[in-house]
Amino acid sequence: METASYFYETLSPLSPPPSDRSPPPSDESQPYYVYRNQISLSSLSYPSPETAAPDYFSLDARADVEEPSPARFRTPPPASEEEAPAVESGWFRGNSRLRSPMLKLHKEILDFSDFLSPTPEEQSARNAAIESVFNVIRYIWPNCKVEVFGSFKTGLYLPTSDIDVVILGSDIKTPQIGLYALSRALSQKGIAKKIQVIAKARVPIIKFVEKRSSVAFDISFDVENGPKAAEYIQDAISKWPPLRPLCLILKVFLQQRELNEVYSGGIGSYALLAMLIAMLQNLQEWNASVEHNLGVLLVNFFDFYGRKLNTVDIGVTCNGPGTFFLKSTKGFVNKGQKFLISIEDPQLPGNDIGKNSFNYFQIRSAFSMAFSTLTNARTILGLDPNRSILGTIIRPDPVLLERKGGSNGTMTFDHLLPGAGEPLSPQTGGQELLCNWQVEDAEEEPLPRSNPIAGDGSANSSGKKRKASKERLRNKVKEHADMEKDKSKKKRRWKHQ
């Protein structure tokens with residue numbers, strides 16, 4: 001894979017931003033603090049290019065794979081251009097343990113993003129579903145223009161993601177008229193189920209599931225900013241290669257904690273992309289060398305948005321050279337919830353795409369906990385040699401457990417992230433750490449998008465069904481964890497015999 005080769009061959013030394021000062025403000029006439037005062041920027045002892053680097057953050061893939069010691073320091077030798085292939089070959093040592101957790105995490109992120117990528121069969125099924133839906137739309141409005149946008153257009157969709165479609169130039173008087181007409185046509189043609197017309201939303205849409213592929217669709221009328229945003233994201237992905245794997249990992253991370261939907265206060269895909277681009281721009285401005293290690297970048301993301309950013313006063317932007325701005329200068333201050341993150345829309349600079357993420361306090365907590373987990377040297381270095389580091393923040397769920405992905409369509413979640421979701425021992429007294437995806441066990445249901453107005457009765461799923469579905473999910477994950485523990489016990493018994 002071309003992208004993977006790019007990452008393997010260009011690993012550079014870890015070089016985080018200086019810890020004794022904040023990045024310069026974009027408006028020097030109004031001084032402000034980018035970082036939260038209660039968080040010390042030196043709380044994490046980052047190495048600098050001039051000083052020795054601890055093994056935990058070493059990016060030397062050629063080192064011996066002996067058991068590392070968190071207390072020992074060493075300086076990784078520079079790799080010459082002739083020795084570059086050794087970086088890539090260092091990954092593939094057949095279940096051996098890499099010295100550097102950041103290198104191992106980098107590879108796991110690449111492998112997991114490949115695992116999430118659509119197989120040829122999945123891509124073909126989605127293309128067929130799109131063609132089927134487009135035929136119905138063009139039957140009603142022969143002269144209209146139909147476009148796909150969103151995650152399917154940008155290639156950032158997960159196996160469970162829906163397909164966003166917009167109908168342009170239909171000449172209907174109101175979107176509601178078109179939505180009801182399309183609802184009737186889809187029902188008559190027999191190609192859709194679970195049809196919902198959400199007519200009173202800010203952007204009226206119709207939601208349904210295409211029967212043959214079981215792929216969900218969201219269709220709207222005359223909303224042109226969707227396709228434009230998709231083009232912007234495609235350009236950004238080509239400019240910033242780390243965007244795609246990082247975005248896929250973070251989408252799963254947020255989805256498993258029910259923090260990925262804007263209607264329930266979460267962070268949407270578009271806002272997440274803007275946050276990632278802003279972080280990458282800021283790192284590029286402050287570092288002499290560009291950081292390509294995905295493990296380091298993921299830790300930086302969790303650190304910045306989970307611990308350091310002063311969201312009360314500061315907003316982030318990926319427009320222009322500056323990364324930060326004073327929220328009051330753009331009218332982005334929410335007096336009732338000043339802690340909310342403000343993210344300037346890359347397409348519409350006067351629009352704050354973070355204003356509806358009212359659950360950002362919980363999002364920030366999730367990011368902070370992930371940072372603490374991934375940078376706990378005792379915990380990570382104390383993992384079983386075959387246990388996944390990424391699996392400490394990504395747990396198994398029914399969709400991932402049943403999936404067979406990867407380039408050959410045979411990779412399974414258990415093989416990719418062994419031990420994922422199991423409790424962690426910080427080795428500081430034996431108490432187990434539970435990652436904050438346990439929030440799913442709460443009884444509260446997420447806020448609904450809207451009340452279904454028109455559809456085929458299957459759209460009206462009750463709260464009891466949702467609770468039963470979540471109970472089945474928890475039971476399945478628990479069964480999987482018990483099976484993994486039994487396997488681990490058998491291995492230990494075999495070793496002692």
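Student: Why is Asp-171 called exposed?
Tutor: Asp-171 has a relative accessibility of 74%. Exposed means over 50% relative accessible area, buried means under 20%, and partly exposed lies in between (1.4 Å probe, protein chains only). The value of 74% is over 50%, so Asp-171 counts as exposed.

Student: What kind of model is this?
Tutor: This is a predicted model, in which local features need pLDDT of at least 70 and side-chain atom pairs count only at pLDDT 80 or more, while totals for chains, interfaces and linings use all residues. Residues are numbered from 1 along each chain as its sequence is written, and side-chain values use heavy atoms, with hydrogens and water left out.

Student: Where does Asp-171 lie?
Tutor: Asp-171 is in the loop between strand 4 and helix 6 (175–189). Helices (H or I, at least four residues) and strands (E, at least two) are DSSP runs, numbered from the N terminus. The protein chain has 15 helices and eleven strands.

Student: What makes the phi of Asp-171 worth a remark?
Tutor: Phi of Asp-171 is near 65°, a positive value in a residue other than glycine. Most residues other than glycine have a negative phi. Asp-222 also has a positive phi, near 55°.

Student: Why is Asp-222 called partly exposed?
Tutor: The relative accessible area of Asp-222 is 43%. That falls between 20% and 50%, so Asp-222 is partly exposed. The residue sits in the loop between strand 7 and helix 7 (225–239).

Student: Which strands pair with strand 7, and in what sense?
Tutor: Two strands pair if DSSP finds at least two bridges between them. Strand 4 (residues 163–168) pairs with strand 7 in the parallel sense over five bridges. Val-165 stands opposite Ile-219 there. Strand 6 (residues 205–210) pairs with strand 7 in the antiparallel sense, also over five bridges. Ile-205 faces Ser-220 in that pairing.

Student: What lies between strand 6 and strand 7?
Tutor: Five residues lie between them, and the two strands form a hairpin. Ser-214, in the turn, has a positive phi of about 60°.

Student: Now the rings. How many aromatic pairs are there?
Tutor: The structure holds 15 aromatic pairs. Rings of Phe, Tyr and Trp (its six-membered ring) pair if their centres lie within 6.5 Å; planes under 30 degrees apart are stacked, over 60 edge-to-face, and the rest tilted.

Student: Why is the pair of Phe-208 and Phe-217 called stacked?
Tutor: Their centres are 5.3 Å apart, within 6.5 Å, so the rings pair. Their planes are at 5°, under 30 degrees, so the pair is stacked. Phe-208 and Phe-217 are both buried.

Student: What makes Phe-304 and Tyr-305 edge-to-face?
Tutor: The planes are at 85°, over 60 degrees, and the centres are 4.8 Å apart, so the pair is edge-to-face. Phe-304 has a relative accessible area of 8%, and Tyr-305 has 1%. Each value is under 20%, so each residue is buried. Ring pairs link both into a cluster whose members include Phe-253, Phe-324 and Phe-367.

Student: How do you know that the charge of Lys-189 sits over the ring of Tyr-139?
Tutor: NZ of Lys or CZ of Arg must be within 6 Å of the ring centre and within 35 degrees of the ring normal. The charged end of Lys-189 is 4.3 Å from the centre. Lys-330 lies over the face of Phe-325, at 5.2 Å from the ring centre.

Student: Why does Arg-387 count as buried?
Tutor: Its relative accessibility is 12%, under 20%, so Arg-387 is buried. Arg-387 is in the loop between helix 12 (377–381) and helix 13 (398–402).

Student: Which backbone oxygens does the side chain of Arg-387 reach?
Tutor: The side chain reaches the backbone oxygen of Glu-422 at 2.7 Å and that of Gly-419 at 3.3 Å.

Notes. Polar contact = N/O pair within 3.5 Å; in protein donor to acceptor, adjacent residues only side chain to side chain.
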